[in-house]
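I opened this notebook to keep a record of what I looked up in one structure, going from the whole chain down to single residues. The sequence and the model come first, and my entries follow.

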Amino acid sequence: NFRESAQSHDAALTISPNNPSVLNNYAYYLSLRKTALDKAKNMAKRANEIAPGVATFQDTYAWVLYQTAEYTEALQWIERAAKGNPSNSEILEHFGDILFQLGKKEDAVAKWKAAIDAGGNAQILNNKMKGQFP
């Protein structure tokens with residue numbers, strides 16, 4: 001129900017245009033679908049401006065940057081997110097993905113292993129370590 005989801009997020013932003021959680025969640029779901037990435041980038045950036053220092057919001061912005069192949073800037077944001085929440089499996093997985101795209105394969109594998117230890121999906125993460133991305 002992607003269309004309905006987008007309509008609901010748009011309606012929520014009409015009511016509360018500066019709600020960082022709505023901005024962040026909408027941006028993240030768009031990034032997962034790899035659609036409207038410019039919109040996602042603007043919303044994720046705005047969420048971080050409104051509520052600086054929130055690891056989840058920093059992770060979302062890093063992930064949107066990853067989806068737009070802005071890996072160097074994504075690394076800066078994922079480092080911030082990991083500093084704020086060092087044992088979050090999703091942040092660790094994203095950290096690994098970004099490092100991998102930057103050619104830092106050994107560091108990526110270390111982050112993916114840490115993500116497994118933190119409760120991440122071992123099957124997906126082990127596949128990434130073998131070079132098989134979903």
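**Entry 1: ground rules**

I am working with a predicted model, in which local features need pLDDT of at least 70 and side-chain atom pairs count only at pLDDT 80 or more, while totals for chains, interfaces and linings use all residues. I number residues from 1 along each chain as its sequence is written, and my side-chain values use heavy atoms, with hydrogens and water left out.

**Entry 2: the whole chain**

I looked up the secondary structure and found eight helices and zero strands, where helices (H or I, at least four residues) and strands (E, at least two) are DSSP runs numbered from the N terminus. Read from the N terminus on, the elements run α-α-α-α-α-α-α-α.

Among contacts with a separation of 6 or more, 42% are between residues 24 or more positions apart.

**Entry 3: salt bridges**

How many salt bridges does a search of the whole structure find? I counted four, using the rule that a side-chain nitrogen of Lys or Arg lies within 4 Å of a carboxyl oxygen of Asp or Glu.

One of them joins the side chains of Glu70 and Lys41, with 3.0 Å from N to O. Glu70 sits in the loop between helix 4 (55-67) and helix 5 (71-84) and Lys41 in helix 3 (residues 37-50), so this pair ties together parts that are 29 residues apart in sequence. Both ends are partly exposed, since Glu70 has a relative accessible area of 25% and Lys41 one of 23%.

Arg46 and Glu49 also meet in a salt bridge, at 3.5 Å from N to O. They are three residues apart in helix 3, which means that about one helical turn separates them. Arg46 is partly exposed at 34% relative accessibility, and Glu49 is partly exposed at 47%.

In the bridge between Glu93 and Lys128, the closest N and O atoms are 2.6 Å apart. Glu93 belongs to helix 6 (residues 89-101) and Lys128 to helix 8 (residues 122-129), so the pair ties together parts that are 35 residues apart in sequence. Are Glu93 and Lys128 buried or exposed? I found both of them buried, and I noted that Glu93, Asp97 and Lys128 are linked in a network of salt bridges.

**Entry 4: positive phi angles**

Lys34, a residue other than glycine, has a positive phi near 55°. Lys34 lies in the loop between helix 2 (20-33) and helix 3, and it is exposed, with a relative accessible area of 57%.

Ala69 is not a glycine either, yet its phi is positive at about 65°. I located Ala69 in the loop between helix 4 and helix 5, where it counts as partly exposed at 47% relative accessibility.

**Entry 5: a buried asparagine**

Last, I turned to Asn24 in helix 2, which counts as buried at 2% relative accessibility. Which residues does Asn24 contact, leaving aside its neighbours within four places in sequence? I listed Ala47, Thr56, Phe57 and Thr60.

Key
Buried means under 20% relative accessible area, exposed over 50%, partly exposed in between (1.4 Å probe, protein chains only). Contact means heavy atoms within 4.5 Å.
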